[in-house]
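Let's take a walk through a protein together, one piece at a time. Have the picture and the sequence ready, and look things up as we go.

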Amino acid sequence: SHGVVDPSLTSSERGLWAVKWSGIILLAIAALELVVVLLSRSTALLADMIHNFGDAATVVPLWIAFALMRRPPRSRFPFGYGRVEDLAGVLIVVVLLLNALYAGYEAVTRLIHPELVTHLWVVAATSLISFAGNEAIAVLRIRVGREIGSAALVADGKHARVDGWAALAVLLGAAGVWLGFPLADPIAGLLITAAILGV
């Protein structure tokens, strides 16, 4: 096998590349949303931001899993470290659940104690940016996941696609507030929470 590149090494390198760029895009979107949340006080955008930051945090266990998969089998792990990816998947689900609980708490709090949402056009534009970014991540992760045979990466890509559609709930909330229904914003936050829980 001299001179032949090990397929698992190639797969892991490709997986690491996809995970890295997904994380960079998510962090950029979440940072933009943080600025707009501080400016606008939008609960729906806050829920989307929490979720995007949480998703960016899931990059860490996926990165570790792909890095460990590159290690050769040892006496203690004679079949290698390929199953580490499954543990990363479990950790990702736990992180998403905690995000959903916090986003739901914030949305319910704002339903009980409403706050004025300002800069509605900026909120709406940011939701469209979040949608586009999540869709780009979904396409990237699903494509690379299928190329390398990573069920976790494909699942994470499908999750990013749902996140993109959930980001459009922010747009609906902003439109509702603009039309004179201020509770539309926290209701949109609850819709995003439901979408996170659905994933």
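Two housekeeping notes follow. What you see is a predicted model, where local features need pLDDT of at least 70, side-chain atom pairs count only at pLDDT 80 or more, and totals for chains, interfaces and linings use all residues. Residues are numbered from 1 along each chain as its sequence is written, and side-chain values use heavy atoms, with hydrogens and water left out.

Start with the overall layout. The protein has six helices and zero strands, where helices (H or I, at least four residues) and strands (E, at least two) are DSSP runs numbered from the N terminus. Following the sequence, you read the pattern α-α-α-α-α-α. Of the 199 residues, 46% are buried. Now think about contacts, meaning heavy atoms within 4.5 Å. If you take the contacts between residues at least 6 apart in sequence, 76% of them join residues at least 24 apart.

Next, let's see how some helices sit against each other. Two packed helices are described by the angle between their axes and the distance between the axes. Here the axes are lines fitted to C-alpha atoms, for helices over the stretch in contact, and the angles run from 0 to 180 degrees between N-to-C directions. Angles under 35 degrees count as roughly parallel, over 145 as roughly antiparallel, 65 to 115 as roughly perpendicular and the rest as oblique.

Take helix 4 and helix 5: their axes come within 7 Å and cross at roughly 170 degrees. The two are therefore roughly antiparallel. What kinds of residues make up this contact? There are 22 nonpolar, six polar and seven charged ones. In that count, Ala, Val, Leu, Ile, Met, Phe, Trp, Tyr, Cys and Pro are nonpolar, Asp, Glu, Lys and Arg are charged, and the others, Gly among them, are polar.

Now move along to helix 5 and helix 6 (residues 184-198), whose axes come within 8 Å and also cross at roughly 170 degrees. That makes helix 5 roughly antiparallel to helix 6.

Time for some charges. Side chains of opposite charge can pair when their charged atoms come close. We call it a salt bridge when a side-chain nitrogen of Lys or Arg is within 4 Å of a carboxyl oxygen of Asp or Glu. How many salt bridges does the structure hold? It has five.

Two of them bring us back to helix 4 and helix 5. Arg161 pairs with Glu135, with the closest N and O atoms 2.8 Å apart. Arg161 lies in helix 5 (residues 151-178) and Glu135 in helix 4, so the pair ties together parts that are 26 residues apart in sequence. Both ends are partly exposed: Arg161 has a relative accessible area of 32%, and Glu135 has 23%. Asp156 and Arg141 form another salt bridge (2.3 Å, N to O). This pair joins Asp156 in helix 5 to Arg141 in helix 4, 15 residues apart. Are these two residues buried or exposed? Both are buried.

Glu115 forms a salt bridge with Arg41, the closest N and O atoms being 2.9 Å apart. Glu115 lies in the loop between helix 3 (84-112) and helix 4 (120-148), and Arg41 in the loop between helix 1 (7-40) and helix 2 (43-69), so the pair ties together parts that are 74 residues apart in sequence. Glu115 is partly exposed at 35% relative accessibility, and Arg41 is partly exposed at 35% as well. Arg110 joins in too, linked with Arg41 and Glu115 in a network of salt bridges.

Arg41 has another feature: a positive phi of about 70 degrees, although it is not a glycine. His119 also has a positive phi, of about 50 degrees, and is not a glycine either. You can find His119 in the loop between helix 3 and helix 4, partly exposed at 39%.

Last stop: the rings. Rings of Phe, Tyr and Trp (its six-membered ring) pair if their centres lie within 6.5 Å; planes under 30 degrees apart count as stacked, over 60 as edge-to-face and the rest as tilted. The whole structure has two aromatic pairs. In one of them, the rings of Phe131 and Trp165 have centres 5.2 Å apart and planes at 65 degrees, so the pair is edge-to-face. Phe131 is in helix 4 and Trp165 in helix 5, 34 residues apart. Phe131 is partly exposed at 21% relative accessibility, whereas Trp165 counts as exposed at 54%.

Technical notes:
Buried < 20%, exposed > 50% of the residue type's maximum accessible area, 1.4 Å probe, protein only.
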